Amino acid sequence: MEVDSPVDAAPSGDFAAALIRWLGRTIAWLTLVMVVLTFGIVVIRYGFNQGWIWMQESVTYLHALVFMAAIAWAFQTDDHVRVDIFYRSNSSRYKNWVNLLGTLVFLVPFSVFLLVIGWNYVSASWETLESSREAGGLPLVYLLKSLILIMPALLLLQSWSTVRGCIAALRK
């Protein structure tokens with residue numbers, strides 16, 4: 001059996017992989033909500049000469065949520081950006097080594113770094129329950145900034161699953 005992606009290499013019964021998969025598929029539906037909301041904003045603005053800041057900010061919040069919370073799912077399904085010149089034509093063993101080393105050498109340290117440097121920034125936002133600077137904006141900026149910590153946490157969770165899957169595939 002050829003193993004081409006980390007999701008194929010994940011051990012069966014892997015709770016982390018299942019959680020990331022469920023979260024990604026669920027959050028992906030928010031793109032439809034963004035499209036409908038953006039259409040509504042355009043109709044209200046240009047059809048009725050009205051506009052609400054909270055509505056416009058909600059598209060920004062949804063956009064951030066989709067990309068930052070579903071990034072681990074994109075990694076899991078191997079839909080992330082990769083320099084594919086040497087990767088695609090090689091064996092599954094080579095691909096598993098690349099995925100294993102790339103995860104351990106680049107992704108895990110990057111995720112830990114984001115957690116460390118983002119912690120004070122996000123906690124300061126939570127301490128003040130930071131809200132929008134715009135009149136009529138959403139009072140949830142602290143929740144938006146929390147994605148700075150959620151994203152690397154989800155990446156670390158998926159990294160665990162990917163490392164386990166690559167090691168299991170390499171042992172075969």
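Good morning. I begin with Asp-14, which is buried, at a relative accessible area of 7%; buried means under 20% relative accessible area, exposed over 50%, and partly exposed in between, with a 1.4 Å probe and protein chains only. The model is predicted, so local features need pLDDT of at least 70 and side-chain atom pairs count only at pLDDT 80 or more, while totals for chains, interfaces and linings use all residues. Residues are numbered from 1 along each chain as its sequence is written, and side-chain values use heavy atoms, with hydrogens and water left out.

Which residue forms a salt bridge with Asp-14? The partner is Arg-164, and the closest N and O atoms are 3.6 Å apart. A salt bridge here is a side-chain nitrogen of Lys or Arg within 4 Å of a carboxyl oxygen of Asp or Glu. Asp-14 lies in the loop between helix H1 (6-9) and H2, and Arg-164 lies in helix H7, so the pair ties together parts that are 150 residues apart in sequence. Helices are DSSP runs (H or I, at least four residues), numbered from the N terminus. Arg-164 is partly exposed, with a relative accessible area of 32%.

The whole structure contains two salt bridges. Glu-130 and Lys-145 form one of them, with the closest N and O atoms 2.7 Å apart. Since Glu-130 lies in the loop between H6 and H7 and Lys-145 in helix H7, this pair ties together parts that are 15 residues apart in sequence. Lys-145 counts as buried, at 15% relative accessibility. Leaving aside residues up to four places away in sequence, Lys-145 touches Tyr-121, Val-122, Ser-125 and Glu-130, where contact means heavy atoms within 4.5 Å.

I now turn to helix H2. Where do the buried residues of H2 lie around the axis? They are Ala-16, Ala-17, Ile-20, Leu-23, Gly-24 and Ile-27. These residues cover an arc of only 135 degrees, which puts them on the same side of H2; the arc is that of the directions from the helix axis to the C-beta atoms. On the other side of H2, Phe-15, Trp-22 and Arg-25 are exposed. The cover over the buried residues includes helix H3 (30-48), helix H4 (53-69), helix H5 (71-76) and H7.

Finally, Leu-104 belongs to helix H6 (residues 92-127) and is partly exposed, with a relative accessible area of 44%. Thank you.

Key: Helix = DSSP H or I, 4+ residues; strand = E, 2+ residues; numbered from the N terminus.
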